[in-house]
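Here are my notebook entries from a first look around this model. I jotted them down as I went, so do follow along in the viewer.

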Amino acid sequence: MDQSLCMNGGEGRASYAQNSFVQKQVMSRAMPALQEALRELYLDSFPECLKLADLGCSSGPNALLFLREMIASIDAIRKKLNKTEPTFQIFLNDLFDNDFNNLIRSIPSFYEELRREKGGDFGPCFIAAMPGNFYGRLFPDHSLHFIHSSYSVHWRSQVPANLVSEFGSPLNKGHIYLARITPKSVYEAYLDLFNRDMTVFLKSRSEELVLGGRMMFTMIGRDASVNLSQDQVSNIWELLGMTISDMVQEGIIEEEKLDDCNMPFYLPTPEEVRYVIQKEGSFDITRFETFKVTWDAEMGDGDLQMRGKYAAATLRAVSESILTTHFGEEVMDGLFERFASKVSQYMKLHKGEYFNILVSVKNRWISTLMQSS
Ligand SMILES: C[S@@+](CC[C@H](N)C(=O)[O-])C[C@H]1O[C@@H](n2cnc3c(N)ncnc32)[C@H](O)[C@@H]1O
């Protein structure tokens with residue numbers, strides 16, 4: 001996983017930096033919750049040096065958007081409370097293959113903007129990269145006040161191991177992720193991996209956060225309460241799988257390659273997310289909500305062809321590294337052209353939307369301490 005999962009780097013046409021409007025819209029929708037979590041954190045304690053981390057920051061402008069909002073929120077709160085500005089220490093985390101160079105290069109202009117916006121009136125801000133896998137420890141014990149993660153924890157640490165039958169045949173034949181007709185055993189394998197990954201994630205974060213520290217994350221989920229009609233898909237990846245299947249029929253992609261390809265993410269229901277947080281037990285949930293964002297983040301301005309192109313470009317920026325490993329670079333342009341037109345056709349009939357889950361939590365230790373004192 002560390003080697004094949006990475007968003008498209010750089011600033012080019014297919015880069016994540018140029019194709020992360022959906023994620024930007026998700027982050028904007030999550031801003032009120034972010035401000036609330038930071039306000040509560042700051043009201044609980046007034047650290048002179050606020051230590052924060054953004055997990056799965058990737059390499060586009062969204063990482064800096066989060067930083068800007070976070071600094072502005074703290075600044076507004078501390079002014080109201082008549083406190084001096086804190087020092088910020090911020091860690092940007094992603095996997096080792098992430099294009100950190102591109103991100104780090106944008107930091108000087110970010111500092112410059114901050115200085116312009118705020119004059120000299122903000123505390124020193126130290127930004128550092130922290131490469132590593134968030135399904136494990138990244139920071140020393142009790143060293144962070146706040147952890148943020150946007151659109152990253154639906155990625156799994158690996159593909160579920162048991163996706164072949166006892167006779168060695170692929171269980172998720174013809175699909176790259178859970179589709180409407182996927183066998184139950186495939187769904188269970190993904191859910192099991194989700195529970196194991198998230199347990200490690202939550203435990204690691206609770207050890208890294210100070211007492212009463214906060215964490216907020218958003219992820220893509222699925223709304224299990226919706227009854228799909230015959231011609232609807234359960235998620236956009238099912239449409240991508242259908243496009244690959246068309247290319248198998250055309251003789252462009254080998255069938256075995258499609259059967260062997262399963263994407264390393266899982267889109268949980270809100271109930272599954274609540275369950276794993278409660279079962280792991282380190283955190284109290286302080287806010288839990290769901291909201292939808294269209295597959296093109298409204299960038300297509302109603303033009304169906306453009307909408308398909310935007311939606312396809314978003315998926316290409318996040319999945320090309322993995323799909324290239326399976327199917328080869330030479331089929332990528334053809335695949336995503338076909339996919340854009342499939343998405344347009346689908347959006348003619350149905351609303352294509354990501355269903356998102358937002359969770360704010362507080363490290364439980366403080367509540368335990370308060371109860372016992
Ligand atoms: C879709 S991007 C989101 C980027 C950014 N937060 C945003 O909202 O635009 C997901 C990021 O999560 C990172 N990621 C996935 N699994 C990870 C893991 N186990 N450890 C660290 N980063 C991970 C990916 O490399 C990718 O950069």
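**Entry: helix α7.** I looked up which residues of α7 are buried, and found I236, W237, E238, L239, L240, G241, T243, I244, M247 and V248. Here buried means under 20% relative accessible area, exposed over 50%, and partly exposed in between, with a 1.4 Å probe and protein chains only. That makes α7 mostly covered, with ten of its 14 residues buried. Helices (H or I, at least four residues) and strands (E, at least two) are DSSP runs, numbered from the N terminus. Next I checked the partners: the buried residues of α7 pack against α8 (255-260), α10, α11 and β7. Contact means heavy atoms within 4.5 Å. From its first C-alpha to its last, α7 reaches 20 Å, close to the 20 Å expected at 1.5 Å a residue. The expected span is 1.5 Å times one less than the number of residues in the helix.

**Entry: ground rules.** I noted that this is a predicted model, in which local features need pLDDT of at least 70 and side-chain atom pairs count only at pLDDT 80 or more, while totals for chains, interfaces and linings use all residues. Residues are numbered from 1 along each chain as its sequence is written, and side-chain values use heavy atoms, with hydrogens and water left out.

**Entry: the largest pocket.** How much space lies in the largest pocket? I read off about 770 Å³. A pocket is an open set of points on a 1 Å grid over the protein atoms alone, where a 1.4 Å probe fits, with protein on both sides within 12 Å along at least five of seven lines; lining residues have an atom within 4 Å of a point. Of the 30 residues that line the largest pocket, R222, L228, V233, S234 and N235 are the closest to its centre. The elements giving two or more residues to this lining are α6 (184-208), β5 (209-221), α7 (236-249) and β7 (353-363). The largest share, three residues, comes from β7. I sorted the lining of the largest pocket into 17 nonpolar, six polar and seven charged residues. In this sorting, Ala, Val, Leu, Ile, Met, Phe, Trp, Tyr, Cys and Pro count as nonpolar, Asp, Glu, Lys and Arg as charged, and the others, Gly among them, as polar.

**Entry: the second largest pocket.** This one holds about 470 Å³ of space. Its lining has 14 residues, and R13, N19, K309, A313 and R316 lie nearest its centre. Two or more lining residues come from each of α10 (304-327) and α11 (332-349). With six residues, α10 gives the largest share of the lining of the second largest pocket.

**Entry: the core.** I counted 115 residues in the largest nonpolar core, where I90, W237, W295 and L323 touch the most other members. Such a core is a set of buried Ala, Val, Leu, Ile, Met, Phe, Trp, Tyr and Cys residues joined through side-chain atoms within 4.5 Å.

**Entry: two single residues.** Beyond its neighbours within four places in sequence, L41 is in contact with L50, H145, F146, G212, G213 and R214. K279, found in helix α9 (residues 270-280), is exposed, at 60% relative accessible area.

Conventions. Points joined across faces, edges and corners; volume = space filled by probe spheres on them.
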